[in-house]
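Please look through the structure shown here and follow the paragraphs below slowly, going back to the picture whenever a new element is named.

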Amino acid sequence: MRWLATSVAIAVGLITLLDYFFDVPILDALGVAFRQWTIILTAFALLLGVINLLQVHLRRIIRRDEASAGYSLIVVVTATLVASAGLWFGLPSEPMTWVFENLYVPLQGAFFALVAFFLATAAYRALRARNLETTWMLIAALVVLLGQTPLLGVLTDAREWVLNVPSTAGVRGILIGVALGTLATALRLLIGMDRPYSE
Amino acid sequence: MDPILSLLDSTIGARQARMLGVLLLFLPIFFFAYWAVKRGARFVLRPIAAYAALKGLFARSAEAGQPVHLSLGTTGVGDQFTADTAAAFNVLEYLAERGAISAAPLLVTLAHPTALPVAQDILRRVYRQMGMPEDYDPTRARLLAPDPNCAATAHQDAFAYAVSAMRLLTQQKLVANVMVGRFGAEFLLMSEAGAQRGLTQVGGTSAPEVLPFVNATMTHPLIGEEIYAGGAYLSGKPTHLSSLLAQDILRGLIVALVLGAVLFRTLGLI
C-alpha cells in the first residue's frame with residue numbers, strides 16, 4: 001500500500017503544480033476539485049481533532065486531576081454547547097454569530113492586548129547588552145524608538161535609514177532563504193523523496 | 001526585456017514563468033547534489049546551536065523524568081505554509097525517536113487539525129519501529145484548539161491555541177520547550193511563558209516579523225530558513241543533505257546575480 005499512497009500524493013501534487021503553471025481546461029478542473037477536496041479533508045481532520053480533544057479532557061475529568069479537571073470540564077461543556085448550537089441552528093445563524101461577536105472576539109482582543117506587556121519583558125531580556133550582537137540590537141532599537149518621538153527629530157533620518165537599509169536588507173535575505181527552503185521542501189515532498197504520510 | 005515579459009504574460013504568465021525558471025534551475029542542482037551525496041561525497045555543515053541543543057535534550061529529559069514539549073506551529077498540511085509544517089514534522093520525527101526510549105515521552109501540541117493525523121502517524125510509526133507499539137499513546141499529540149475558520153483560510157487565528165499552550169507551559173512539568181513551524185504574534189505569548197519559567201527553549205519560524213520574538217525569547221533560536229535544515233542536521237538523510245546543498249548553491253548564484261546587477265548598475269551598464 002506504500003506505493004499507492006506515494007503515487008497518489010505525487011500525482012495530486014504534480015497536477016496541482018501544472019495547474020499553477022499552465023492554463024489548460026482539464027488541469028484547471030482537476031486543480032479546483034483538489035482544492036475543494038482539501039476543504040472536505042480538513043473538515044474530517046477537524047472531526048478527528050475534536051475526538052482527540054475530548055479524549056484528553058475526558059481522561060482528566062475521569063482521573064479527577066485536581067489541577068486541571070475543572071478547566072477540562074469547562075472545555076467539554078462549552079465545546080458541546082457551541083457544537084450543538086451550530087448543528088441545530090446551522091451556519092451562519094444568530095446564536096452562532098452572537099457567540100463569536102460577544103464571547104470569542106472580545107476574549108481574543110483582550111488576550112492579544114497582553115502582547116504589549118509580554119513584549120516589554122522580552123525586550124528587556126533581549127536588549128541587555130551582553131555581547132556585540134545584542135549591543136547592535138540595542139542601538140538599533142533605541143534609534144528607531146527615539147526616532148519616533150517628536151522631541152528628538154534629529155534621529156528621524158537615522159530611524160528611516162535603519163528601517164530602510166539594514167532592516168530591509170536583512171528581511172530580504174531571510175525571505176530569499178525561506179523561499180529556497182520552501183522550494184526544496186516542496187520538491188522533496190512532490191517527488192516522493194520525503195514521505196511524512198507513509199513509512 | 002519588455003517583449004519577453006509581455007510574451008510570457010500572454011502565455012503562461014510572467015510570475016509563473018519566473019517560478020518555473022527557478023524550479024527548472026533548482027531541479028538539476030538538487031539531483032546532482034543527491035547523486036554526489038549517494039556516491040559518498042561529504043560536506044561540512046556549519047554548526048547550528050539549536051540543533052546541537054536538541055540532540056542533548058533527551059539526556060536531560062530522561063534524567064529529570066520530565067517530557068519535552070514540541071509545538072508544530074499554527075498551520076497545517078495543504079495550505080501555503082505546508083513546508084513549514086513539514087519542517088516541524090522532521091523535528092518531530094527526531095524528537096519522537098529519542099523520546100520513545102526515554103522515561104518521559106515527547107508531548108506534541110498543534111493548532112491545525114490537518115497536522116494531527118500526520119503527527120500521530122509519525123509517533124505511532126516511531127514506536128512500532130522501536131518495537132514498542134503498545135507504548136504509543138495517541139494523546140501525546142494534542143490538538144489544543146483549532147481556529148474556527150481553519151478550513152477556509154491559511155491565515156490562522158491561533159488565539160485559543162496560544163492560551164492552551166501557555167497554560168501547558170506554565171503548569172506542566174517540562175524539561176524544554178521546542179517551537180518549530182509557522183507562527184504569528186502568538187509565538188511571543190507562548191515563548192515568553194516558557195522563558196519566564198526558565199525552560200530551555202529551542203525554536204524558530206520562517207515569518208520575518210516574528211523573528212525578533214524568536215531572538216528575544218529562545219535560548220537557541222532558529223532564524224528563518226534554518227527551520228528547513230532540521231532533516232539534514234538531525235537525521236542526516238541523503239535527500240535532506242542534498243536539498244540543503246542545492247539550496248546553498250542556488251543561494252550563492254542569487255547573491256552573485258544581485259552583486260553583479262549592483263555592479264553593472266553602478267557602472268551604468270544596465
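**Strands, crossovers and a contact between chains**

In strand E3 of chain B, Arg142(B) is the bridge partner of Thr109(B). Before going further, note that this is a predicted model, in which local features need pLDDT of at least 70 and side-chain atom pairs count only at pLDDT 80 or more, while totals for chains, interfaces and linings use all residues. Residues are numbered from 1 along each chain as its sequence is written, and chains are lettered from A and ligands numbered from 1 in the order in which they are written.

The names of elements follow DSSP runs, numbered from the N terminus, with helices (H or I) of at least four residues and strands (E) of at least two. Strand E3 (residues 141-143) of chain B runs parallel to E2(B), and three bridges join them; two strands are said to pair if DSSP finds at least two bridges between them. Between E2(B) and E3(B) the chain passes through helix H5 (residues 115-129) of chain B, in a β-α-β crossover that is right-handed. The word right-handed is used if, with the strands pointing away from the viewer, the path from the first strand over the helix to the second runs clockwise.

E2(B) also has a partner in strand E1 (residues 68-71) of chain B, to which it runs parallel with three bridges, and here His69(B) stands opposite Leu107(B). The chain crosses from E1(B) to E2(B) through H4(B), and this β-α-β crossover, too, is right-handed. Along strand E2 (residues 107-110) of chain B, Leu107(B) and Thr109(B) point one way while Val108(B) and Leu110(B) point the other way, yet all are buried. A residue counts as buried if 20 or more other C-beta atoms, placed from the backbone, lie within 10 Å of its own, as exposed if 12 or fewer do, and as partly exposed in between.

Further along chain B, strand E5 (residues 200-205) and strand E6 (residues 220-223) pair in the parallel sense over four bridges, and Gly203(B) stands opposite Pro221(B) in E6(B). Together with helix H8 (residues 211-217) of chain B, E5(B) and E6(B) make a right-handed β-α-β unit. Taken as a whole, chain B has ten helices and six strands, and 51% of its 270 residues are buried.

We now turn to where the chains meet. The contact takes 50 residues from chain A and 48 residues from chain B, two residues being in contact if their C-beta atoms, placed from the backbone, lie within 7 Å. On the side of chain A that touches chain B, the largest share, 16 residues, comes from H7(A). By class, this side of chain A has 34 nonpolar, eleven polar and five charged residues, where Ala, Val, Leu, Ile, Met, Phe, Trp, Tyr, Cys and Pro count as nonpolar, Asp, Glu, Lys and Arg as charged, and the others, Gly among them, as polar.

The axes of helix H7 (residues 156-190) of chain A and helix H4 (residues 82-100) of chain B come within 9 Å and cross at roughly 75 degrees. H7(A) is therefore roughly perpendicular to H4(B), a term that covers angles of 65 to 115 degrees, whereas angles under 35 count as roughly parallel, those over 145 as roughly antiparallel and the rest as oblique. The axes are lines fitted to C-alpha atoms, for helices over the stretch in contact, and the angles run from 0 to 180 degrees between N-to-C directions. Gly181(A), Thr182(A), Thr185(A), Ala186(A) and Leu189(A) of H7(A) make this contact with Ala83(B), Ala86(B) and Ala87(B) of H4(B).
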